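Hello,

Here is the structure I promised to pass on. Have a look at it first, and then read on for what turned up.

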Amino acid sequence: MTAFTPALLARLAALIVVGVIVQTAMVSQLPIAGANADLAPLLVMAVGLLCGSLAGAAFGFGVGLFVDDVLLQQLGVSSLVLLGVGYGAGRIREARDPEGTFVPLAVGAAATLTFSVGFSLMQFLLGVDAPVSWALVRDTLTTLVINTLLALPVYAIVRRWLLPNLPSDPRRRRRRAYTTGGLSPLSRS
Amino acid sequence: MRWLAVYDKTIRRRRAVLGLLVACSLILLTAYFGESGGGMLHGVQRGTSEVLSPIQDGASRVLKPARDLFGWFGGTLSARGDLKDARAERDRLRSELLAAQGAEREVQQLRSMVELNGALGLKDYGPETGRVIAQSPTVWYATIRVNKGADDGVRKGNPVINEEALIGTVSEVFSGSSQVTLITDTTSHVSARAFSGRRDSVFGVVSAASAGNPNDLVLEFAAPRARLSAGDRVVTSGTVDDAERLPSLFPPGLPIGEITRIENPGTDTQEVHLRPFADMKRLNFVQILTRPEGPAE
């Protein structure tokens, strides 16, 4: 489990603020095929994969709360869905410790889909006056494709930002263990 | 056995935090859903927006070159398709212009009869030009944030237009910015009038046809026997029965959209669909009409 040092908390808080401002001031205003990217689930996915389920859930809750707060949306909806996304991404890391380069891509797609479906379900539960159109499904799928393409760069940026305060980064741990030579099967021969 | 106890403790801790966060979310959701617009949580939201608006404004300016770069790529790709549409639109407008020139003389006479000279001069409505500094990323909320607020004379309910047509109303006002709910939001309703191309016009209420579709509006409460057809223009009606007690939120004659299709025409269940003139996905500068009631008497 990742230790929550003050430095790590500060970096996570900065990530929330900068991420949400970049999303609302730039990314939301760049329509691609009628839809736009949504950085929130990708950021939460990246933190979950890097820091574990507890940090992922807490970060998801924080991002969701900040998004709903800034955009004057119904409070609690995004935080509830994103904390699930963060927890899920964290559990993938803890239970499977995935090594593949494209893991963030797959988890990013799953995170976006979970967030879109979860957010829509919450809106249904809260009551929507108008019927739901196919355009909503199309936009959701377009966002899913865009987010999948963005998952790797977002993960790389978040990892680079959090790396100084991640004592148990899996890649660094593996690399260090290999370079010592003691654990390498080649050294036995 | 010791490591097993530590492992159990870790799991318990993880589950406790998860449960706590879920509980917090549900409490927030329930409390916010149940409270009025002036409640504590709404107040916290407004406070946060008040603090963040200048930051969003600054970020919007700083990130504008990046937005423009992406926009240029997108614009170049779609320019070829737009050219074809523009040519068709030009041909249609040419024929409309000929008809309009003939009708203009009649309109001038009518205007002098009812003393409505220059009724649509927007300067009388106190337009404040603002920049879009934030936009909701989800299709469930059709909202934008504009860098004009109470300090500029903006009030809740003020209509907002862009260079093409009406786009929405001000739903929240802060000192230096305001939240605009677009007409494509499911909570938005605009009293409107459709010109059928003949002498009569049809009144109704324009609202979102469905959640998540920014290109489809519906004209509700239009009389079933109204003789409307695809291509008819829809504008704000700007009138109510009792203008003193219930003043209209919108000046009359602001363009909204064009009728695209009518389902079940002539029946009680007819649905008049229209496409908004404004492209809600590409809003950059907008104008807030701070005096929708028009010039002071």
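Predicted model: local features only at pLDDT ≥ 70, side-chain atom pairs only at ≥ 80, totals over all residues.

Just past the end of H2(A) comes A:Gly52, whose phi is positive, at about 105°.

What does the rest of chain A look like in terms of secondary structure? There are 7 helices and 0 strands, which gives the pattern α-α-α-α-α-α-α along the sequence. Chain A has 189 residues, and 49% of them are buried. As for its contacts, take those between residues at least 6 apart in sequence: 76% of these join residues at least 24 apart.

Then there is the partner chain. Where the two chains meet, 47 residues of chain B are in contact with 44 residues of chain A. On the chain B side, at least two residues each come from helix H1 (2-34), helix H2 (40-62), helix H3 (64-114) and strand E1 (127-135). H1(B) contributes the most, with 12 residues. Sorted by class, this side of chain B holds 25 nonpolar, 16 polar and 6 charged residues.

Best wishes

Note on methods
Residues numbered from 1 in each chain as written. Chains lettered and ligands numbered in written order. Contact = placed C-beta atoms within 7 Å. Helix = DSSP H or I, 4+ residues; strand = E, 2+ residues; numbered from the N terminus. Nonpolar A, V, L, I, M, F, W, Y, C, P; charged D, E, K, R; others polar. Buried ≥ 20, exposed ≤ 12 C-beta atoms within 10 Å, placed from the backbone.
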